[in-house]
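Please keep the sequence and the model open while going through the points.

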Amino acid sequence: MDRTTIGWLNGALGMLIFSASLPATRLAVSGFDPIFLTAARGAIAGTLALALTVALGSKRPERGDLVSLVVIALGVVVGFPLLTALALQHITSAHSLVFIGLLPLSTATFGVLRGGERPKPAFWAFSLAGSGIVAGFALMGNGEASLSGDLLMVAAIIACGLGYAEGGRLTRRLGGFAVIAWALILALPMMLVIAILLKPMSFGGVSDAAWIGLGYVSLFSMLIGFVFWYRGLAMGGIAAVGQLQLLQPFFGLALAALLLGETVSWSMVGVTMAVVLCVAGARRFAR
């Protein structure tokens with residue numbers, strides 16, 4: 001297989017792993033405070049990343065990579081997890097998943113600003129159309145809408161897009177595991193301190209479902225998924241492979257319905273399908 005195909009396969013696997021992130025976060029916030037949850041998942045993933053880095057002797061970043069690693073840590077280790085956890089106190093995971101429709105545009109925009117990519121004008125036309133559909137859905141004010149929850153999700157998408165693009169750019173030289181591992185290690189001291197300070201007095205009332213949610217977002221959403229995702233972005237192109245994120249709502253909505261018993265409205269399905277059609281057009285002109 002050629003490099004681009006391998007990149008798309010890695011990106012698809014990363015996307016599938018991330019599809020369960022919001023439903024898992026919804027489970028976790030049922031038992032944990034959002035700030036503690038963000039710190040705990042970062043501390044768990046960071047500790048594991050440190051152990052694996054020492055054991056495997058992973059490539060060390062150069063001093064000039066520090067700014068990029070800080071940007072990645074702020075975007076995907078702190079920003080997206082915290083903002084989505086706060087948002088999911090106001091909206092369902094099914095509703096939040098529709099906002100993933102904005103991620104390809106966010107990632108592509110930062111891919112141009114930080115990665116030096118230059119998609120064709122038609123790419124932006126399709127991407128803006130998809131984003132407009134998502135924005136329209138959020139503004140419809142259906143029964144599950146919440147202004148604060150929606151704004152938090154938009155902020156989360158911006159932070160995540162920046163972290164994705166910066167990580168994809170740096171992965172071209174360091175590799176997917178090294179990039180997310182060092183970003184987690186960089187954030188580890190802060191995450192540990194916050195987790196200890198905000199630790200609940202007792203974990204007795206925390207449900208098994210909340211523990212499962214914490215375990216998933218710590219191991220898969222925070223570490224394993226990024227290894228494949230960053231490799232996919234680096235090999236297949238940030239703007240191009242980033243369009244795979246529009247498939248996340250399909251898998252995420254199914255998980256929200258099956259695991260959480262949440263209602264998936266026809267409007268959610270319709271919006272998701274319309275945005276995917278826009279992404280299919282954008283993908284054609286991504287490079």
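A residue is called buried when its relative accessible area is under 20%, exposed when it is over 50% and partly exposed in between, using a 1.4 Å probe and protein chains only. This is a predicted model, in which local features need pLDDT of at least 70, side-chain atom pairs count only at pLDDT 80 or more, and totals for chains, interfaces and linings use all residues. Residues are numbered from 1 along each chain as its sequence is written, and side-chain values use heavy atoms, with hydrogens and water left out.

**Helix H12**

- The buried residues of H12 are Gln248, Pro249, Gly252, Leu253 and Ala256.
- They lie on the same side of H12, because the arc they cover around the axis is only 120 degrees.
- On the other side of H12, Leu258 and Leu259 are exposed.
- Just after H12 comes Gly261, which takes a positive phi of about 70 degrees.

**Helix H3 and its partners**

- Helix H3 (residues 34-56) packs against helix H10 (residues 208-236) at an angle of about 55 degrees, and their axes are 9 Å apart.
- H3 and H10 are therefore oblique to each other, a word for angles that are not under 35 degrees (roughly parallel), over 145 (roughly antiparallel) or 65 to 115 (roughly perpendicular).
- The residues making this contact (heavy atoms within 4.5 Å) include Leu37, Ala40 and Arg41 of H3 and Leu214, Val217 and Ser218 of H10.
- H3 also packs with helix H9 (residues 176-197), at an angle of about 130 degrees and with the axes 6 Å apart.
- That angle makes H3 oblique to H9.

Key: Helix = DSSP H or I, 4+ residues; strand = E, 2+ residues; numbered from the N terminus. Arc of directions from axis to C-beta. Axes fitted to C-alpha atoms, helices over the stretch in contact; angles between N-to-C directions.
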